[in-house]
Each structure stands twice: as C-alpha cells, then as structure tokens.
Amino acid sequence: MALRDPRPQPQDMSDRRDGPRDRVIYSGRLVYGAKEYQCAVLDISAGGAQIRFAEPLAVWTIVTLYIDRFGGFHARVVWQQRDKVGLQFLEDTILVTRRIVAPPN
C-alpha cells in the first residue's frame, strides 16, 4: 500500500511553502557569481522569498539575497516564471524567523 501525503497538493509553485508568508515590498540585491543585481522582494517567510527579477536564473542556482533591514540570506532558486523568482533559504528556519521578526535597530 502506497502512503499518501494528506495535505492538499498546490496547483502552482507559489503555494508550496510550508509556513506562512508576509507580502512585502522591499528593495533588495541579488548576488550570484561575481555580479550584483537590484531586485524587489514581494513576499518573505522563514523558508524563502519571492522576488521580482527580470534576468533568467537556472533552477538550483545558489544566490545571496540582501535586504537592507535584515541582511543577507543564502538561498537557492527553486522556480522562475517570467520576472518572478522563488527562493528557498538555505539557513535554519528558526534563525531566519528571528531575523525577520526582530525589530530593526
């Protein structure tokens, strides 16, 4: 007998996060290779972020997302649809949560 995941399966890539996300509009910078690019952060959660970024990125590319109020997050590209990119943070979700819910200094 095959085991089935009891959770409903999402219809698109934007709904596959395990935790809640906060819709935001933050200015950010995406660094990969030797280059740095401007981007906009559209939402963020302990597990990752969705950004607006017009350049093509290969899935599994390792990047660093810098958000001024929170600092840098190491992440991997998990999907891209036109100018939207889904990032999965490579850091522990508890540590990410502490950084993104802590009041800015």
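Which residues does Leu 65 touch, not counting residues up to four places away in sequence? The views below come from a predicted model, and the last one comes back to this residue.

**View 1. Strands β1 and β2 run antiparallel and are joined by nine bridges.** Here we're looking at β1, residues 22–32, alongside β2, residues 35–44. Val 31 stands opposite Glu 36 of β2. Two residues sit between the strands of this hairpin, and Gly 33 takes a positive phi there, near 60°.

**View 2. Strand β3 pairs with β2 over four bridges, again in the antiparallel sense.** β3 covers residues 48–52, and the hairpin it makes with β2 has three residues between the strands. For a landmark, find Ala 40, which stands opposite Arg 52 of β3.

**View 3. Tyr 32, Tyr 37 and Phe 53 are linked by ring pairs into a cluster.** A search of the whole structure turns up four aromatic pairs. One of them is Tyr 32 with Tyr 37, a stacked pair at 5.4 Å centre to centre with 25° between the planes. Tyr 37 also pairs with Phe 53: the ring centres are 5.5 Å apart and the planes stand at 80°, so this one counts as edge-to-face. Is Phe 53 buried or exposed? Phe 53 has a relative accessible area of 3%, so it falls under the 20% cut-off and is buried. Tyr 37, at 22%, is partly exposed.

**View 4. The charged end of Arg 99 sits over the ring of Phe 73.** The distance to the ring centre is 4.0 Å.

**View 5. The largest nonpolar core has 22 residues.** Leu 30, Ile 51, Phe 53, Leu 65, Leu 87 and Phe 89 are the members that touch the most others. Two or more residues come from each of β1, β2, β3, β4, β5 (71–81), β6 (84–89) and α1 (93–101). In soluble globular proteins, nonpolar side chains tend to be buried together.

**View 6. Leu 65 and its contacts, back to the opening question.** Leaving out residues up to four places away in sequence, Leu 65 touches Arg 29, Leu 30, Cys 39, Val 41, Ala 49, Ile 51, Gly 71, Gly 72, Phe 73, Leu 87 and Phe 89. Phe 73 is the residue whose ring has the charged end of Arg 99 over it.

Key
Residues are numbered from 1 along each chain as its sequence is written. This is a predicted model: local features need pLDDT of at least 70, side-chain atom pairs count only at pLDDT 80 or more; totals for chains, interfaces and linings use all residues. Side-chain values use heavy atoms; hydrogens and water are left out. Two strands pair if DSSP finds at least two bridges between them. Rings of Phe, Tyr and Trp (its six-membered ring) pair if their centres lie within 6.5 Å; planes under 30 degrees apart count as stacked, over 60 as edge-to-face and the rest as tilted. Buried means under 20% relative accessible area, exposed over 50%, partly exposed in between (1.4 Å probe, protein chains only). A charge sits over a ring if NZ of Lys or CZ of Arg is within 6 Å of the ring centre and within 35 degrees of the ring normal. A nonpolar core is a set of buried Ala, Val, Leu, Ile, Met, Phe, Trp, Tyr and Cys residues joined through side-chain atoms within 4.5 Å. Contact means heavy atoms within 4.5 Å.
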